[in-house]
Amino acid sequence: MTVSKRIRTTRHASTRGLLSAVVALTVVLAGCDRLLEIEAPSRVPADFLADPANAQLLVTSAIADFECAFSEYIVATGLIGNEFVDGQLAARMWPYDRRSVDPSDDVYSTFTCADSDPGVYQTLSTARFAADNALNVVEEPALRATAAAYAGYDYLLLGEAMCSAAADGGPELSTTELFTLAESRFSTALSGGASADIANMARVGRARTRLNLGDQAGALSDARAVPEGFRKNARYSAASFRSSNRIWTMNNRDERVAVEDDFWQVTHQGQRDPRVPTVDVGRAAGADDSTPLWVQGKYPDQNSPIPIARWAEAQLIIAEIEGGQTAVDIINRLHADAGLPPFAGGTPEEIRAHVLEERSIELWMESHHLNDMLRTGAEFLPVAGTPFQEGSAAKGGFYGNTTCLPL
């Protein structure tokens, strides 16, 4: 494949979905000279969050919080990991793309699903609290398994994006500790009562987590148990900004980010790879009138679902761990599904490099790329110290080396 994807071989407490505020109405009273002031409730009683009678609503809320955080996470980490480039003149998102995120930056740390720029820490922490709270309250086995699986993904994504994190007031948790908590939640989801799709979601999540932890045997065991064709989606809709697919809204609609140039024309043996559908709009992004506007076609509208876990991911975990002919066979099965020519194989090093490239393509814009770069020692380009510029616009400052988000 001709795409480089900037992966080189050099080493180097409240849920917004549940606690949405009621809009206050101002009522003009006849004969009065002022508006009647009505205070809008912004909290629900704590007892509500601890009542098993609200089990379904608590779990549904935890899922909604995760789905919002998930699409925001993909945009934010895609900017850091070179799936996207910044396409706007407003500087709030520059630290993502410039890899210069500072602990004082509020976008990544405190922005919520109600904000226009994609947050990471607050959105995932909100989802994590909602899922853990539901897990502690809910008694019905299937709902408990669902809450545990989503909590697992909350901890997993925190571990993949953050340098460290905290839950419920501390203490500070290392990435290894976050992955260990994720593994524990996935194991809880698999301990009984889960539906088939939640069980397989947990298997894929635990395989991904165990790969991060270096537990190859455990990762293989989970990945091999995922049935062919499995896919678990995060769901989105046009009902509100919060519920929309943020990749589509920020790239295709608002032109605030553009597809990174390594993903413009992905080919294998001269044939375009349909798994990375991109279009050159033929002009600059409207937001900054400078960045070449390439848009993605994987998610064609704001209703488009995004895969959380699927069989192809499990297969690529097996390919990465086992290598050799097993990896070649897996790659070629994925190529056959995509209508691409086969991969001929090569040395163990060439096969491994192609597996990692295959992950960049097959799992494009599904939350994996930044962590893949970090765990494989890939080189981040442009190198630190290079002036930050997109298109013809010198946006200010220099690229840094902040590749995980500070607590």
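**A buried ring pair**

Tutor: Both Tyr153 and Phe186 are buried, where buried means under 20% relative accessible area with a 1.4 Å probe, protein chains only. The model is predicted: local features need pLDDT of at least 70, side-chain atom pairs count only at pLDDT 80 or more, and totals for chains, interfaces and linings use all residues. Residues are numbered from 1 along each chain as its sequence is written, and side-chain values use heavy atoms, with hydrogens and water left out.

Now the geometry. A pair of aromatic rings is described by the distance of the centres and the angle of the planes. Rings of Phe, Tyr and Trp (its six-membered ring) pair if their centres lie within 6.5 Å; planes under 30 degrees apart count as stacked, over 60 as edge-to-face and the rest as tilted. The whole structure holds eight aromatic pairs. For Tyr153 and Phe186, the ring centres are 5.2 Å apart and the planes are at 80°, so the pair is edge-to-face.

Next, the location. Tyr153 belongs to helix 6 (residues 141-161) and Phe186 to helix 7 (residues 175-189), so the pair ties together parts that are 33 residues apart in sequence. Helices here are DSSP runs of H or I, at least four residues, numbered from the N terminus.

Ring pairs join Tyr153 and Phe186 with Phe66, Phe70 and Tyr150 in a cluster.

One other ring contact involves a charge. Arg246 lies over the face of Phe241, at 4.0 Å from the ring centre. The test asks for NZ of Lys or CZ of Arg within 6 Å of the ring centre and within 35 degrees of the ring normal.

How values were computed. Helix = DSSP H or I, 4+ residues; strand = E, 2+ residues; numbered from the N terminus. Buried < 20%, exposed > 50% of the residue type's maximum accessible area, 1.4 Å probe, protein only.
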